[in-house]
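Welcome, and please get your viewer ready. We will take a walk through one model, selecting a few residues at each stop.

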Amino acid sequence: MELEDLYREARKAAERSYSTYSNFRVGAALLCEDGSVVTGTNVENRSFGLTICAERTAIAAAVSGGRRKFRALAICTPDADYPVCLCGACRQFLSEFAEPSMPIAFGHGDSIGARTTMGDLLPLDSLHELADR
Ligand code: THU
């Protein structure tokens, strides 16, 4: 599956966002090792701190479904006028299941607006990486 196809799944997932407090919809789509796609959306709460980001929702859904290895992640933020990157908590959460080379795509419109990798978002995440320097 192409990254653009994965991004389209993230875009569809954003439509299911429960973001009644911020009105900021986010959709995430994970391409799993077996080729399946698992999506997530942000789920807000009246106790604001309980809000879950779309990325962590997708990861939790994938792991709950028995998928622990991911090939790519796409994120769509249709209410922003620029691509929005993962928060620090989501970077840490994702790093548990992602190789540093895993591609991550972001966008707010019809197609991907920016690309990066897990390793660029959270460098020096393991003792091995530190040992290599
Ligand atoms: N949010 C995400 O779901 N993912 C991100 O990468 C950034 C922020 C959500 C949390 C909250 O529901 C809304 O966006 C505004 O911060």
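## Stop 1: a residue on the outside

Select Asn23, which counts as exposed at 57% relative accessibility. Here, buried means under 20% relative accessible area, exposed means over 50%, and partly exposed is in between, with a 1.4 Å probe and protein chains only. Asn23 sits in the loop between H1 and S1. Although Asn23 is not a glycine, its phi is positive, about 55°.

Before moving on, please note that this is a predicted model, in which local features need pLDDT of at least 70 and side-chain atom pairs count only at pLDDT 80 or more, while totals for chains, interfaces and linings use all residues. Residues are numbered from 1 along each chain as its sequence is written, and side-chain values use heavy atoms, with hydrogens and water left out.

The labels H and S stand for helices (H or I, at least four residues) and strands (E, at least two), which are DSSP runs numbered from the N terminus.

## Stop 2: a buried serine in that loop

Now select Ser17, found in the loop between helix H1 (3-14) and S1. Is Ser17 buried or exposed? Ser17 is buried, with a relative accessible area of 16%. Show its surroundings: leaving aside neighbours within four places in sequence, Ser17 is in contact (heavy atoms within 4.5 Å) with Phe24, Arg25, Val26, Thr41 and Asn42.

The side chains of Ser17 and Ser19 are joined by a polar contact of 2.7 Å. A polar contact is a pair of N or O atoms within 3.5 Å; within protein, one must be able to donate a hydrogen and the other to accept it, and residues adjacent in sequence count only if both atoms are side-chain atoms.

## Stop 3: the ligand

Select the ligand next. Around the ligand you will find Ser22, Phe24, Val26, Asn42, Glu44, Thr51, Cys53, Ala54, Glu55, Cys85 and Leu86, where a residue counts if one of its heavy atoms lies within 4 Å.

Which distances can you look for?

- Asn42: an N or O atom of its side chain is 2.9 Å from an oxygen atom of the ligand.
- Glu44: a polar side-chain atom lies 2.5 Å from an oxygen atom of the ligand.
- Ala54: a polar backbone atom is 2.9 Å from an oxygen atom of the ligand.

Taken alone, the ligand exposes 380 Å², and the protein buries 78% of that; the areas come from the Shrake-Rupley method with a 1.4 Å probe.

Stay here and pick Thr51, in the loop between S2 and H2. Thr51 counts as partly exposed, at 26% relative accessibility. Its side chain reaches the backbone oxygen of Phe48 at 2.9 Å, and a polar atom of that side chain lies 3.5 Å from the backbone nitrogen of Asn45.

## Stop 4: helix H2

Select H2 and colour its buried residues: Ala54, Glu55, Ala58, Ile59 and Ala62. Why are they on the same side of H2? They cover an arc of only 135° around the axis, and therefore lie on the same side; the arc is that of the directions from the helix axis to the C-beta atoms. An α-helix has 3.6 residues a turn, so residues three or four places apart point the same way.

What covers these buried residues includes S1, strand S2 (37-41), S3 and H3. After H2 comes Gly66, with a positive phi near 90°.

## Stop 5: the core

Select Leu30, Phe70, Leu73, Leu86, Leu94, Met102 and Ile104, which have the most contacts inside the largest nonpolar core, a group of 21 residues. A nonpolar core is a set of buried Ala, Val, Leu, Ile, Met, Phe, Trp, Tyr and Cys residues joined through side-chain atoms within 4.5 Å. At least two residues come from each of strand S1 (27-32), helix H2 (54-64), strand S3 (70-76), helix H3 (88-95), strand S4 (103-107) and helix H4 (118-121). Among these, H2 gives the most, with 4 residues.

Finish at H3, whose buried residues are Cys90, Leu94 and Ser95. Seen down the axis of H3, these fall within an arc of 135°, so they line one face of the helix. They pack against S1, H2, S3, S4 and H4.
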